[in-house]
Amino acid sequence: MTLRPVILPSNRPAERFYLGGARISAFRGESGSAPREPEDWIGSTTTVNGEREVGLTRLPDGRLLRDAVEADPIGWLGAEHARQWGADTRLLVKLLDAGQRLPVHAHPHDDFAASHLGRAHGKAEAWYILQGGTVYVGLQRDVEATHLADLVARQDVDALLALLHAVDVVPGDVVWVPPGELHAIGQGVLLLELQQPEDLSILLEWEGFAIDGPALGHLGLGFEVALAAVNRRARSPHEVRTLVGAAPASGSVFPSDADRYFRLERMPVDGEAVIDAGFSIVVVAGGALTVGSDPLAAGSTLVVPHAAGALAVAGVGEVLVARPPTP
């Protein structure tokens with residue numbers, strides 16, 4: 001079977017614990033959205049935590065993308081990738097619309113996820129901002145484990161949020177969130193998120209959200225164990241500027257520390273350009289473009305197999321090309 005780029009419709013898990021979705025609909029040019037569909041899982045081989053299939057991308061021929069990749073990892077991911085990682089795409093891409101401020105939370109690193117949860121990955125993530133607002137990343141001061149646990153137990157939301165650096169972001173900014181880093185996304189922000197392919201969150205806050213935080217916020221480990229995965233060391237203003245900043249006008253946009261997890265290329269187009277061969281998730285961030293043989297409007301998304309080769313792009317606009325790490 002010849003592998004070609006596949007245009008993907010929205011893939012929005014329903015009834016997430018926070019509000020959002022309208023900005024994704026507007027970005028994609030779709031009508032309507034449910035109030036709790038704030039995430040679009042693009043080209044996903046990952047399930048929502050605890051679910052069998054929710055979150056997985058289904059291809060037009062009816063197959064799950066996960067199953068298609070497992071059946072032909074070399075065709076989809078390339079020989080070098082398949083040799084090193086098998087059928088693991090090493091990547092999950094989402095559109096995320098914060099219809100309300102997200103809770104203060106963190107994600108475990110690889111070693112913690114492997115030893116405590118039996119998972120192949122932790123969850124590093126990075127964001128490309130499509131519509132701006134305020135984000136919260138990293139601690140302003142060192143915090144003792146007992147003090148952090150007390151704030152969580154008492155649900156002292158004001159004190160938790162006050163611990164974090166608040167940074168205003170605009171379209172074209174990027175945010176790198178290393179594993180373990182405390183963070184939250186402010187209301188009104190629309191972003192493209194690249195992450196390791198897991199759905200693992202340690203919630204420090206849950207008041208006002210549609211989730212049983214005391215039962216689900218610690219990944220089944222208990223908060224004493226789960227909070228050990230959180231970085232309690234302060235980030236200086238200089239360090240925060242290495243995590244949050246403006247993306248280059250073209251080329252690789254994330255800090256080099258993110259390269260071991262995933263990569264994102266920003267490609268402005270005015271005339272003709274080429275997307276290099278390799279497995280990728282392509283998002284048309286603006287304009288009207290022809291990608292390969294397909295005319296695409298802003299908000300369109302594609303999953304591109306390695307075997308499809310290089311893709312010609314023509315028109316005026318911008319594409320974002322998300323890829324797994326280099327094998």
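Which residues does Arg101 touch, not counting residues up to four places away in sequence? In this predicted model, Arg101 lies in the loop between β3 (92-97) and β4 (105-106). With that sequence exclusion, Arg101 touches Tyr136, Val157, Leu161, Ala184, Ile185, Gly186, Gln187, Glu205 and Phe209. One of these residues, Glu205, also makes a polar contact with Arg101, side chain to side chain, at 2.7 Å.

The nonpolar interior may be considered next. In soluble globular proteins, nonpolar side chains tend to be buried together. Here the largest nonpolar core comprises 58 residues, and the members that touch the most other members are Trp76, Val175, Leu192, Leu194, Phe254, Phe262 and Leu264. Strand β5 (residues 125-131) gives the most to this core, contributing five residues. Val175 is in contact with Glu125, Ala126, Trp127 and Ile129, and also with Val135, Val137, Val169, Leu243 and Val244, when its neighbours within four places in sequence are left aside. Another core, of 26 residues, lies apart from the largest one and has Ala184, Leu200, Phe223 and Ala229 among its members.

Aromatic rings form a further set of relationships, with a count of seven aromatic pairs. In one of them, the ring centres of Trp206 and Phe223 are 5.5 Å apart and the planes meet at 25°; because planes under 30 degrees apart count as stacked, this pair is stacked. The pair joins distant parts of the chain, 17 residues apart: Trp206 belongs to the loop between β11 (202-203) and α8 (213-216), whereas Phe223 belongs to helix α9 (residues 223-226). Burial is defined as under 20% relative accessible area, so Trp206, at 10%, counts as buried, and Phe223, at 18%, counts as buried too. Tyr261 and Phe262 form a tilted pair, with 6.2 Å from centre to centre and 45° between the planes.

Helix α6 (residues 145-154) shows how burial is arranged around a helix axis. Its buried residues are Leu148, Leu151 and Val152. Viewed down the axis of α6, these residues fall within an arc of 100°, and therefore line one face of the helix. An α-helix has 3.6 residues a turn, so residues three or four places apart point the same way. The buried residues of α6 pack against α7 (157-162) and α9, while the face turned away from the buried side carries the exposed residues Thr146 and Ala153. Just after α6, Gln155 adopts a positive phi of about 50°.

Key
Residues numbered from 1 in each chain as written. Predicted model: local features only at pLDDT ≥ 70, side-chain atom pairs only at ≥ 80, totals over all residues. Heavy atoms only, no water. Phe/Tyr/Trp six-rings, centres within 6.5 Å; stacked < 30°, edge-to-face > 60°. Helix = DSSP H or I, 4+ residues; strand = E, 2+ residues; numbered from the N terminus. Buried < 20%, exposed > 50% of the residue type's maximum accessible area, 1.4 Å probe, protein only. Core = buried A, V, L, I, M, F, W, Y, C linked by side-chain atoms within 4.5 Å. Contact = heavy atoms within 4.5 Å. Polar contact = N/O pair within 3.5 Å; in protein donor to acceptor, adjacent residues only side chain to side chain. Arc of directions from axis to C-beta.
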